[in-house]
Amino acid sequence: MDAEGPQALCDLCLAQVCCSLDALCSVRADGSMSLIWAPLFPQEMADQLLQKMTTKGILNDTTVGIFRNCKELRLRRASIRSSPVSAEAFRLALCPHRLLELDASWVSGGLTGADIISGLASNPECRLSLQRLSLSGLRLDWESLEEDGGVRVGFSSLQGLRMLNVANTDVNDAVLEDICTLPHLETLDISCSAISKLTALLKCNSTLRFLIAHKLQQLDMSPARLLFVFNQLHALRHLDFSDDHFAVDDSDGRVGDETVRQLLEGSPEVLPSLVSLDISGRKRISEAAIGAFVQSRSGLVFLGLLATGVSSCDVLSSKKNLKITGEADENQVCEALRRYRDQECFIREALVHLYNLTTDADKPQPDMLKLVVSAMQSHPTSLHVHLVATACVFNLTTQDLAEAMSVSLLSSTIAQLLYAMKTFPNHHQVQKNCLLALCSDYILQDVPFDKYLAATLVINWLSSHEDPTLQRMAVAVISILVAKVKTLLTHCALASCRKIQLLAIVQQKAMVGVVDSTLKFALSALWNLTDEMPAAARNFIECQGLELYEEVLESYYSEPSIQQKVLGLLNNIAEVEELQADLMEEDLLEHILSLLQDSQVEVGVRYFAGGILAHLSSRAEAWTLEGELRTTILEQLHDSIMTWTQLEREMVSYRSFHPFCPLLQPCQPSGVQLWAVWAIHLVCSQNTSHYSSMLEMEGLTELLKALTAHPDTHSDVKGLSDRILCMVEQYQSHSGAFKSQTEPRNS
């Protein structure tokens, strides 16, 4: 079982509702959805449904319409973060609710801060009930707010607000004046805004407890004036006055840097209630000043020192209860990733240090991996973040580290890697990092993720890159992925053999006679791509694949691992009746026949040679070469197969037994029948449970019974068929006995 346990039943149900909205809803005249029937949802579940729709990326003007039903779906804590919702949809679906919290950060769809404020203020209940509001990343469009009874509608209309986030908006000094009239304001985030004066904060000096003022690049106040304002905020417990250390103009932050220096070196009587200070990114801070500040503030619980150069200060190591963001050790770096989720400059810095700390990781650290994935999710368009984060993912999942982590964590990690590959298709290092992380047998074989998307992305990358190292990894990944996904992928993936470069790689290696992992992976990938996929097999032929494979078959005569993969693909073609004519070349078939007859050749090679010949010779009416050659093939098939020894290692797997059905008809020659039953016996003996079920489901047990009962069936074929049926019967009786033992008995 996954280390994190199964998903909560509530999560599974809500996810199913999200997937079934089309079936559960009718559509109004304006195109919005309405639930056909809705029970009275528990209030928290309505919030969770909205959150689930948001995180799944399905919340929009159409789907948000279900929340117009305020009686059954009662929202209190609403999140529409990063969703494409228009002003009209917001007004109709969310404003009628008696909201306590609203997160509308980074909403697209034209919704402005003014739309949200006026919409919420139109609901008398919301004016008093709303306590937390986040508008980060929106355009406020303050001037568009209209007057209501002679008074301009603004933040001050929402009298219940205790927390307000207007970071990364066009909030200015005039808007700040309005905000600071809120009677209960405790938390305010004005980061990355155009505010130049903080004097308005004096209006809420008795209530403001948390002030986040990161990267105020247009601040125009002297250090003395800033300290005066801060000193008047009597209730302030947390101050974030950090800065973007990546800023080009070093002079932009000098006033802030000097303010911080004076604060650190000043009297503890300044901001006496302060327990949390974030000055990450500030320059010209001395270890002595940090030491003095920490020693004089016994109640300090957090200190942000990332990118200051002083996080390894000696005095900090003795403060066990003090949380610190910095780069001195893993704890400081992880704390930075936790606290700075929305601040790209610090996430970038923390990830660089994390990469250096995990280069030689020798124990699994799932909590650290979660932080990296969260950073990628929080900054989906940042190349800088994904460049370092994908490298960190490789460090944290390499070798056997991934096997000790939960499958759900690895699934979300791989999903994020695929997102990175899709978002930055032309960035060599990002693609390389993702391929390095993907190139793991455990991840590719045992972790659930979108393998169709993964194979498509890797194939697309391979079509335009020729880096030998990455080429080897990409082909290795493809060779495993294409065996995992169903036939839909192969149709799309092999739309052009030339384009995906797999044939080009085979040709390139064959020209110089190289035998390496890249060649083997490319051959495996092509083999899997054409498995039970006639369209892909036809495309292979149209790309001159047959001519190339004939050359490879002859030039790699002493390499059974290569021959086996080549013959495996030719088997796939031979299974397709309409393509069998393309294989009707006398030289090719005589060469394959020689492999079948040669007792010095490995059984694996002879097996696939026999498969090609069995399929081609099974249709007398379609045989276009000399009849004598077919007769020889049929005789040699039977004689050769009777000399084969049972293989211990797994050599081949089948998606279905459908291609065997024509070969098991009573009218077929014994050599054709014998190859088919030998193949079935081989895989059944190696994986009885899987293939026994497949035989039953696809009706092959009945075919085998008919074959054994037919008077003209050769004794060799009968004997092997009986052994298969006996194997199936024994497995079924054993599994049935086990089932009866484990079923509860009546008491």
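This is a predicted model: local features need pLDDT of at least 70, side-chain atom pairs count only at pLDDT 80 or more; totals for chains, interfaces and linings use all residues.
Residues are numbered from 1 along each chain as its sequence is written, and side-chain values use heavy atoms, with hydrogens and water left out.

Let me stay with the cysteines for a moment. The sulfur of Cys-684 lies 12 Å from the closest cysteine sulfur, which belongs to Cys-726, and that is too far for a bond. Cys-684 is also buried, at a relative accessible area of 1%, where buried means under 20% relative accessible area, exposed means over 50%, and partly exposed is in between, with a 1.4 Å probe and protein chains only. Cys-392 is likewise in no disulfide, since the nearest cysteine sulfur, that of Cys-334, is 10 Å away, and Cys-392 counts as buried at 0% relative accessibility.

How many of the residues of H15 are buried? The helix is mostly covered, with 11 of its 15 residues buried, among them Val-385, His-386, Cys-392 and Leu-396. These buried residues pack against helices H13 (344–358), H14 (366–378), H16 (407–423) and H17 (428–438), and after H15 comes Gln-399, whose phi is positive, near 55 degrees.

Now to the rings, of which the structure holds 15 aromatic pairs. Rings of Phe, Tyr and Trp (its six-membered ring) pair if their centres lie within 6.5 Å, and planes under 30 degrees apart count as stacked, over 60 as edge-to-face and the rest as tilted. Trp-142 and Phe-155 have ring centres 5.7 Å apart and planes at 15 degrees, so this pair is stacked. Trp-142 lies in the loop between strands S5 (132–134) and S6 (147–148), and Phe-155 in the loop between strands S7 (151–152) and S8 (163–165), so the pair ties together parts that are 13 residues apart in sequence. Both Trp-142 and Phe-155 are buried. Phe-540 and Tyr-549, by contrast, form an edge-to-face pair, 4.9 Å centre to centre with 85 degrees between the planes; Phe-540 is buried at 0%, and Tyr-549 is buried at 0% as well.

Charges meet rings too, the rule being that NZ of Lys or CZ of Arg is within 6 Å of the ring centre and within 35 degrees of the ring normal. The charged end of Arg-339 sits over the ring of Phe-302, 3.6 Å from its centre, and that of Lys-451 sits over the ring of Phe-449, 4.3 Å from its centre.

I will finish with confidence, given by pLDDT, which is the predictor's confidence in each residue, from 0 to 100. The mean for the chain is 90, and 94% of its residues reach 70 or more. Over residues 737–747, however, pLDDT stays under 50, and the model has zero contacts there beyond four places in sequence, contact meaning heavy atoms within 4.5 Å.

How values were computed: Helices (H or I, at least four residues) and strands (E, at least two) are DSSP runs, numbered from the N terminus. A disulfide is a pair of cysteine sulfur atoms within 2.5 Å.
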